[in-house]
Amino acid sequence: NKTVDGGLCATKSAEREAYAIYPEEHLLNYDSTLFVRMDSEIEVFDAATLRGRSFATVKGYAFGGADQALINYGMVRREANNRDSLLKVLMARRVDMVLDSTLPLQVDAERLALNDQIRALEPSVSSSPGYIMFSNKAGQDALVSAFTKALVAFKATDEYRDIAQKYNIDH
C-alpha cells in the first residue's frame, strides 16, 4: 500500500516482491522452530512423533510453508492472536507445541517470565533468509544498494560477531 518505508525480518515471497525491494544481503537466518513445555515428553523434532498432535502459530504467520509441512505430517494447527497468547495456550496445555522463530519467542518468553518453562525442539523445522525489506516506491534503489553495502561491511566486524554470538543468530 506504499504507506510503509520498510519492514524487519521479512522472508521473500512472490506476494511481497510485488510491493517490496530486498537487499542482496540477508540480515539473519529466520528459523521456524517448535517449542514445548519443559515437562513435555517430546524430546526432538521427529515427524513420526507429531501425527495427531497440535501446534499453534500467531495468526497470519506462515513460516515459509513450515506450518503446512507440519499439517502434512498429521498435526492440527491452531492460531493465537499474538505471541503472548501463543505462549499462554502452550502453558495452559491447549496445544502440544507452538511454532515460532527462536529469537522473538525467547524475548517474549523472558518478558513473561516463562523462559525456564519452555524449550525448543531440535532440529528446527526450517530456516530461511530474513531480510529488511524496503518499499518499492520510486527512489528506493539507491537506499537499498547503500544498505546492502553497509550490512555486508558490518557483518565483517567483531561487533557483529559478538552480537550474533550473544543472541545465537545464525547468519
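Analyst: A residue is called buried when its relative accessible area is under 20%. Glycine 130 has a relative accessibility of 0% and therefore counts as buried. The model in which this value was computed is a predicted one. Glycine 130 belongs to strand E8, which covers residues 126–135.

The surroundings of glycine 130 can be listed by contact. With residues up to four places away in sequence not counted, glycine 130 touches Ala10, His26, Leu27, Leu28, Asn29 and Tyr30.

Once neighbours within four places in sequence are left aside, tyrosine 131 is in contact with Gly7, Leu8, Cys9, Ala10, Lys12, Tyr22, Pro23, Glu24, Glu25, His26 and Leu27. Ala10, His26 and Leu27 are among the partners of glycine 130 and are likewise among those of tyrosine 131. A further distance concerns isoleucine 21: it is 110 residues from tyrosine 131 along the chain, with 9.9 Å between the C-alpha atoms.

The peptide bond that joins glutamate 122 to proline 123 is cis, and its omega is near -5°. Most peptide bonds are trans, and most residues other than glycine have a negative phi. Arginine 93, although not a glycine, has a positive phi of about 65°. Arginine 93 sits in the loop between H4 and strand E6 (97–100), and with a relative accessibility of 52% it counts as exposed. Alanine 113 has a phi near 60°, again a positive value in a residue other than glycine. The loop between H5 and E7 holds alanine 113, which at 49% relative accessibility counts as partly exposed.

The axes of H4 (residues 83–91) and H5 (residues 102–111) come within 10 Å and cross at roughly 75°. This angle makes H4 roughly perpendicular to H5. On the H4 side the contact involves Arg83, Asp84, Leu86 and Leu87, while H5 contributes Pro104, Leu105, Asp108, Ala109 and Arg111. Sorted by class, the contact of H4 with H5 has five nonpolar, four charged and no polar residues.

Apart from neighbours within four places in sequence, leucine 70 is in contact with Leu34, Phe45, Leu50, Phe55, Met75, Leu99 and Val125. Valine 89 is 19 residues from leucine 70 along the chain, and their C-alpha atoms are separated by 18 Å.

The open space in the model can be described next. Rolling a probe the size of a water molecule over the atoms shows where empty space is left. The largest pocket has a volume of about 390 Å³. Its lining consists of 17 residues, and Thr11, Arg16, Tyr61, Ala62 and Phe63 lie nearest the centre. At least two lining residues come from each of strand E1 (6–10), helix H1 (14–17) and strand E3 (28–37). E1 gives the most, with three residues. By class, the lining of the largest pocket has eight nonpolar, six polar and three charged residues.

Of the 171 residues, 40% are buried, and glycine 130 counts as one of the buried residues. Among contacts with a separation of 6 or more, 71% are between residues 24 or more positions apart.

Methods:
Residues are numbered from 1 along each chain as its sequence is written. This is a predicted model: local features need pLDDT of at least 70, side-chain atom pairs count only at pLDDT 80 or more; totals for chains, interfaces and linings use all residues. Side-chain values use heavy atoms; hydrogens and water are left out. Axes are lines fitted to C-alpha atoms, for helices over the stretch in contact, and angles run from 0 to 180 degrees between N-to-C directions. Helices (H or I, at least four residues) and strands (E, at least two) are DSSP runs, numbered from the N terminus. Angles under 35 degrees count as roughly parallel, over 145 as roughly antiparallel, 65 to 115 as roughly perpendicular and the rest as oblique. Contact means heavy atoms within 4.5 Å. Ala, Val, Leu, Ile, Met, Phe, Trp, Tyr, Cys and Pro count as nonpolar, Asp, Glu, Lys and Arg as charged, and the others, Gly among them, as polar. On a 1 Å grid over the protein atoms alone, a cavity is a set of points where a 1.4 Å probe fits but cannot get out, and a pocket is an open set with protein on both sides within 12 Å along at least five of seven lines; lining residues have an atom within 4 Å of a point. Grid points are joined across faces, edges and corners, and a volume is the space filled by probe spheres set on the points. Buried means under 20% relative accessible area, exposed over 50%, partly exposed in between (1.4 Å probe, protein chains only).
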